[in-house]
Amino acid sequence: MNILFLSSEVAPFAKTGGLGDVAAALPKALHERGHDVRVFMPLYARIEQAKYRFRSIDALRGLRVVVGPRAFEVSVFAAQLPGSTLEVFFVHCPQLYARPGLYTHDGDEHLRFLVLVYTALEAAQRMRFAPDVLHVNDWQTALAPLILKTRFAWDGAIFGRTRSVLTIHNLNYQGLFPASVLPDTGLLASPHLFHQEQLREGRINSLLHGILYADAVTTVSPTYAREIRSAEYGVGLEGFLRAREKSVFGILNGVDYSVWSPEQDARIPHRYGPDSLQLKEKNKQALLARALLPALPGVPLLGIVSRLSGQKGFDLLPDALGRVLREGRFQVVVQGSGERRLERIFHSLRARFPKQVRFVTKFDDTLAHQVQAAADFFLMPSRYEPCGLTQLYALKYGTVPIVRKTGGLADSVQLWNPRAGTGTGIVFDDYDAKAVHWALEAAFNIYRDRPAYRQLQRNGMAQNFSWALQVQKYEALYAKLH
Ligand code: ADP
């Protein structure tokens, strides 16, 4: 199949979270299955061009992309995705993308991603690439199905067979803009296709229009696909998702094990597998030394690698984690940044327990691998979690996940059953500090029972969340749309 894939981030070029990992690994897996996949993303200023071999595409140089009343000078570059023969296409438009971060609060934020959409569709025309599937991701590219069905409908030779798929990686980011941006969408000829009531109320919700117009909507785990039909998780879009129930699917994300597995991870000091877990211990010692934390025999190390946002449940930690730290039961390495109030929680835990806690705010891929390799447990007390990738990585690294039973966490981690010796982690239900405390106590007790803990680690390491399996579910969905 010909697949046109649009994403605002693709790892390792540019990434702020799970979307970046998925937008690299899924196209890579599709490419390996023989599909012709063309991935488009913005050429952000922060992409280290020198690190990758960028080449310009002659046929796509000096394009004048018209979006509503504006025209943009755009060129397209390509570079190979590391570890693959797949080429990724980059939309070069310094006027829009030469800014410090991937995302901004600037007044033209909507335009930054509309230009990505229009350029990708025009590039398909110029390359004579007729997509069977237009696969878009999150709010940034969610208007693409509507743009395809209106502005590009005339081009039957290229888009006559194209069906669109929107994947929602996180329903909370919806791309809300004032109704005054309507002309900027290039869809002024069809204002009736926008949600009328919201338009009257003065807003346009980008993600909603993807939900309304994509031929299929997917989200990144079966449980999250169910949860978002409810008011509790639907963030105001539950009614629309229920109305499209038959076209909404949950497909669990996979893992690119060539990037995330302790046997072949070049970023960790000591590589190991299920039969050499004593080497995992060495990774722990190395990280503790690097973090200037003392080695405390018998004390498990808890790892956290996460964006610090309300979704992740860290509000529960001052109480629950504070208690077990006071009792000397854990050490913790936290890597993450985001909301100031959440950063303050970890700064304060660090100040209260200097021998036990280390808090690193920088975004550092190498360190993220080292924390996975070093920690004994990995904590994700999420309020909601569309899929979550870090618990999947943790399982592979023999780092026992402690998770709240929600979204993709519920679909990927099973509670340890000491009698049967089954299960892969510690799972709790309630979103409160008491439940987190229970889980941490349970973790500490299992850690002291060496054979049980080893079994639990190995159960997790034996799990297979490879993209090679998950990609077939996308193939089946693509096929069903034709
Ligand atoms: P989300 O998409 O909600 O951020 P996921 O668990 O799906 O959560 O994916 C998070 C990804 O971002 C993982 O690859 C994780 O290792 C990475 N990550 C999060 N914070 C950092 C950080 N500070 N430094 C490096 N990688 C990080």
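## A buried salt bridge

The side chains of Asp108 and Arg99 form a salt bridge, with N and O 2.7 Å apart. Both partners lie inside the protein: Asp108 is buried, and Arg99 is buried as well. This pair, like everything described here, belongs to a predicted model.

## Other salt bridges

The structure holds 25 salt bridges. One of them joins Arg61 to Asp58, where the closest N and O atoms are 2.7 Å apart. Asp58 has a relative accessibility of 59% and therefore counts as exposed.

Another salt bridge links Arg329 with Glu441, again described by its closest N and O atoms, which are 2.7 Å apart. This pair ties together distant parts of the chain, as 112 residues separate the two partners. Arg329 sits in the loop between α12 (317–326) and β14 (331–338), while Glu441 belongs to helix α17 (residues 433–448).

The protein chain is divided into two parts: domain 1 covers 2–254 + 467–481, and domain 2 covers 278–461. Taken over C-alpha atoms, the centres of domain 1 and domain 2 are separated by 33 Å. Where the domains meet, 19 residues of domain 1 are in contact with 19 residues of domain 2. Between them the two domains bury about 1400 Å², and 54% of this area is on carbon and sulfur atoms.

Across the interface of domain 1 and domain 2 there is 1 salt bridge. On the side of domain 1 that touches domain 2, the elements giving two or more residues are α1 (18–32) and α8 (222–227). The largest share comes from α8, with 4 residues. Sorted by class, this side of domain 1 has 7 nonpolar, 9 polar and 3 charged residues.

## Helix α12 and its cover

Several residues of α12 are buried: Leu317, Ala320, Leu321, Gly322, Val324 and Leu325. In an α-helix there are 3.6 residues a turn, so residues three or four places apart point the same way. The cover over the buried residues of α12 includes the strands β13 (301–308), β14, β15 (357–360) and β16 (377–380), together with the helices α13 (340–352) and α17. Just after α12, Gly328 takes a positive phi of about 70°.

Ser206 is placed in helix α7 (residues 206–213). Its relative accessibility is 3%, so Ser206 counts as buried. Leaving aside residues up to four places away in sequence, Ser206 touches Trp139, Ala142, Gln174, Gly175 and Phe177.

Pro386 lies in the loop between β16 and α15 (390–396). With a relative accessibility of 3%, Pro386 counts as buried. Leaving out residues up to four places away in sequence, Pro386 touches His169, Asn170, Val220, Ser221, Tyr224, Gln311, Gly407 and Gly408. From C-alpha to C-alpha, Pro386 and Glu227 are 9.3 Å apart in space, although 159 residues apart in sequence.

## Backbone details in the loops

Ala11 and Pro12 are joined by a cis peptide bond, with omega about 0°. Pro12 is in the loop between β1 (2–6) and α1, and α1 is one of the elements on the side of domain 1 that touches domain 2.

Asp138 is not a glycine, yet it has a positive phi of about 60°. Asp138 is found in the loop between β7 (133–137) and α4 (144–150). Asp138 has a relative accessible area of 9% and is therefore buried. Leu292, also a residue other than glycine, has a positive phi near 55°. The loop that holds Leu292 runs between α11 (278–290) and β13. Leu292 counts as exposed because its relative accessibility is 70%.

Notes
Residues numbered from 1 in each chain as written. Predicted model: local features only at pLDDT ≥ 70, side-chain atom pairs only at ≥ 80, totals over all residues. Heavy atoms only, no water. Domains from an automatic or database assignment. Contact = heavy atoms within 4.5 Å. Buried area = accessible area lost by both parts, 1.4 Å probe. Salt bridge = Lys/Arg side-chain N within 4 Å of Asp/Glu carboxyl O. Nonpolar A, V, L, I, M, F, W, Y, C, P; charged D, E, K, R; others polar. Buried < 20%, exposed > 50% of the residue type's maximum accessible area, 1.4 Å probe, protein only.
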